[in-house]
Amino acid sequence: MQFTWQNQDEQNAGIKKFLGAHGVSHRMYNDVKSTGTILVNGNAVGLDYKLAVGDEVTVIFPPETSDDEVAFSDEKIDVIYEDDNWLVVNKPAGLTSVPGPSNRVDTLVNRIKGYLKKQGSTDLRPHLITRLDRFTSGIVLVAKNRLANSLANQQVAQHKIDKMYYAVVDGTGLDEHGMIDKPIGRVGDNFRREVIEDGQNAKTEYWKVEEFDDATLVRLKLHTGRTHQIRVHMTSLGHPLLGDELYQGPLDRGIDRQALHAYYLEFNDELANQVRTFEIELPADMKSVVKEDHND
C-alpha cells in the first residue's frame with residue numbers, strides 16, 4: 001500500500017516530522033525504514049533528506065501479512081461501503097466481533113479476512129475501529145491498512161467518530177431527551193458492568209423516538225466508549241433493553257437478544273479529505289418488536 005502527499009508548508013522539513021503530521025506513527029515509520037520505501041519526487045532518498053516546499057513524498061508500506069493464529073472464514077459479510085482504505089459492514093446480531101477463546105474461526109474479523117483474501121489483497125490484518133457486542137447489530141468501521149488504522153484510532157481517542165444507536169427499552173415515561181452521566185465499572189470478577197462511584201467516566205445521550213404500551217424506542221449517542229455502556233446506563237434508569245438477559249431486560253417480548261442496533265456512523269476520512277456518513281435501517285427482529293408493540 002502506498003500513499004503520496006505534497007509538502008505545502010515548510011521549507012527544509014524533516015521527513016519523519018512530515019510523515020508524522022500525516023498520521024504515520026513512530027512504529028509505522030520504523031516499519032517503513034526497515035522493509036518499506038520512501039520516495040521524494042519519485043526518487044529514493046535518505047532519511048535525513050530535507051524537504052522543499054512542493055516536494056511530493058511517497059511512502060510504500062510493507063504488506064500486513066496474514067496472522068496464522070487468525071483463521072480465514074468463507075462466510076459472507078454485508079458490505080455497506082468499501083474503498084482502498086476502509087470497509088464498512090453491517091454486522092448481524094449473534095456474530096462475535098473478534099476471535100476469542102469461545103470462537104476463533106468464524107467471527108467478523110475471520111469473515112473480513114476471508115473476504116479480503118478473495119479480493120487478492122496483500123494487507124490481511126483487518127483493523128476493527130468500532131466494535132459491537134456479539135448480540136448488537138449494525139455498522140462497524142474497518143481500516144484495511146495500518147495508516148487508516150492509525151488515523152482512525154486518533155479520532156477514536158479524541159471522540160471524533162460519531163456513532164448513533166437505536167434501542168427498544170422496557171417501560172415508558174422517559175424524558176424526551178436526556179444525558180446520562182454516570183461512571184461505569186466492574187464489581188469484582190463479574191462480567192456484568194454497573195454504575196459505580198469509582199468507575200470510569202461514561203456519558204450517553206438519548207432521545208425518545210416513540211412510546212408503546214410497555215416499551216420505548218430510543219435513539220442514543222455515545223460520548224464515551226465503555227463496555228456495555230448503553231445497556232448499563234438504560235438499566236440504571238429502570239429501562240433495560242428488551243431481550244437483554246445479562247441486565248435483566250424482559251425476555252418475553254419477541255426478541256431473543258438485546259434490542260440494540262448501531263444505525264449511524266460518521267467519521268472524517270483524512271485520506272480522501274472528506275466526511276463519510278453511513279446510515280442503515282432497523283433489522284427485521286427489532287422492526288418486528290416495534291411493529292407488534294404498536295399494533296397491540
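Colleague: How many helices and strands are there in the protein?

Modeller: The protein has six helices and 18 strands. Helices (H or I, at least four residues) and strands (E, at least two) are DSSP runs, numbered from the N terminus. This is a predicted model, where local features need pLDDT of at least 70, side-chain atom pairs count only at pLDDT 80 or more, and totals for chains, interfaces and linings use all residues. Residues are numbered from 1 along each chain as its sequence is written, and side-chain values use heavy atoms, with hydrogens and water left out.

Colleague: Which strands are in the open sheet of four?

Modeller: The order is β1-β6-β3-β4, with antiparallel pairing. Two strands pair if DSSP finds at least two bridges between them.

Colleague: Which strands stand at the edges?

Modeller: β1 (2-6) and β4 do. Each has a single partner strand, so one side of each is left without a neighbour in the sheet.

Colleague: How many bridges are there between β1 and β6?

Modeller: Five, in the antiparallel sense. Gln2 stands opposite Ile60 in β6.

Colleague: And how many join β3 to β6?

Modeller: Four bridges join β3 (residues 37-40) to β6 (residues 56-60), also antiparallel. Here Ile38 is opposite Val59.

Colleague: What about β3 and β4?

Modeller: They pair over two bridges, antiparallel, with β4 at residues 43-44. Val40 faces Asn43 across that pair. The two strands form a hairpin with two residues between them, and Asn41 takes a positive phi near 55 degrees there.

Colleague: New topic. Where does Lys144 lie?

Modeller: Lys144 is in the loop between β10 (137-143) and α4 (146-157).

Colleague: Is Lys144 buried or exposed?

Modeller: Buried, with a relative accessible area of 12%. Buried means under 20% relative accessible area, exposed over 50%, partly exposed in between (1.4 Å probe, protein chains only).

Colleague: Which residues does Lys144 touch?

Modeller: Not counting residues up to four places away in sequence, Lys144 touches several residues, including Asp83, Asp84, Trp86 and Asp123. Contact means heavy atoms within 4.5 Å. Glu82 is also among them, and a polar contact of 2.9 Å joins its side chain to that of Lys144. A polar contact is a pair of N or O atoms within 3.5 Å; within protein, one must be able to donate a hydrogen and the other to accept it, and residues adjacent in sequence count only if both atoms are side-chain atoms.

Colleague: Back to the whole protein. How many residues are there, and what share is buried?

Modeller: There are 296 residues, and 47% count as buried.
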